[in-house]
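Hi,

Here is the structure for you to look over. My notes follow below it.

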Amino acid sequence: MLLKENIPATYVFGKIKKELIMVAIYSTAIYFVHQYYNLEQISIPLAVPTILGTIISLLLAFRSNQAYDRWWEARILWGGIVNDCRTFTRQVLTFVDSSYDGEEKWALKERIVKRQIAWCYSLSHHLRKQNSKQNLEAYLSEDDLNSIKDMDHVPLALNELQGHDLRTLYKLGWINEYQQVTMDGTLTGFVNTMGGCERIKNTVFPATYSVYIHWLVLFFVLLLPFSLMEFFGALQVPLVIAISSAFFLIEKMAIHLQDPFENMPTDTPTTTISRKIEHDLKQMLKDESPRNTDAVPVNQAVFYIL
């Protein structure tokens, strides 16, 4: 994900380098042919590419808006994941009281929270079609790793393990039925968000729409030198390159934004968001650890119990 405000020009124009080279060669060739073979009678009114350019601009604007909507929806879904992870961790840490005889309770709570961190990383890899089991050893127990080793959909498997531990908490009497329903609703929210991300990932932007716009842009570029030659002469070469680059850049921008989980610099920053979730959840664990609880003054501890 591009996080810098000042994006290098080399990166921007590197995306359309091939197109610009071809346009430069084409417009230069048109100039020399026009000059040395006296083809002055071949001229296209400037109104023709003007009208065509206006139509293409409207189509590109529509496509860019649709592509940005897909990117923004993906960002909203991952913003929801951040909030739900914090909420679920708070529920785990506050619903289960580990102040007394809490070693076993704390171990289970820590396992659930770390598994949620692993879920975020695995979902990020899953959406980018990478190995969703990589680098999870730091967050999962041996039993969890064995449970997911044969699973294709790792985030779904981890969510199921969370449900099993939630049932364990209820059967042991460490949470009541109302708390179980609330926490299960949070787990359901994770599944819904995951499904929303997969919908964006698996719904292909209409290929015919992209092809039609691309051919229109090429046709516009082919006509442009003939219309500018009469007024600008050799200067039409840099003008054609500048005008064409604007259309090619907008087209490329829409192509990159329409797929926010393709492991490209324009992606939704799922890895960065997952790291932020990991930092926040580990901070919450640290604040609620038994060592910190033991350090609470007696009067303050009584206030918490009440």
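Of the 306 residues in the protein chain, 39% count as buried (under 20% relative accessible area with a 1.4 Å probe, protein chains only; exposed is over 50%, partly exposed in between). This is a predicted model: local features need pLDDT of at least 70, side-chain atom pairs count only at pLDDT 80 or more, and totals for chains, interfaces and linings use all residues. Residues are numbered from 1 along each chain as its sequence is written, and side-chain values use heavy atoms, with hydrogens and water left out.

The fold: the chain has twelve helices and zero strands (DSSP runs numbered from the N terminus; helices are H or I, at least four residues, and strands are E, at least two).

Helix α2 covers residues 17–36.

Now the helix pair. The axes of α4 (residues 103–127) and α10 (residues 270–288) come within 8 Å and cross at roughly 175 degrees (lines fitted to C-alpha atoms over the stretch in contact; angles run from 0 to 180 degrees between N-to-C directions). That makes α4 roughly antiparallel to α10 (over 145 degrees). Residues in contact (heavy atoms within 4.5 Å) include W106 and E110 of α4, and R275 and E278 of α10.

Best wishes

Technical notes. The expected span of a helix is 1.5 Å times one less than its number of residues. Angles under 35 degrees count as roughly parallel, over 145 as roughly antiparallel, 65 to 115 as roughly perpendicular and the rest as oblique.
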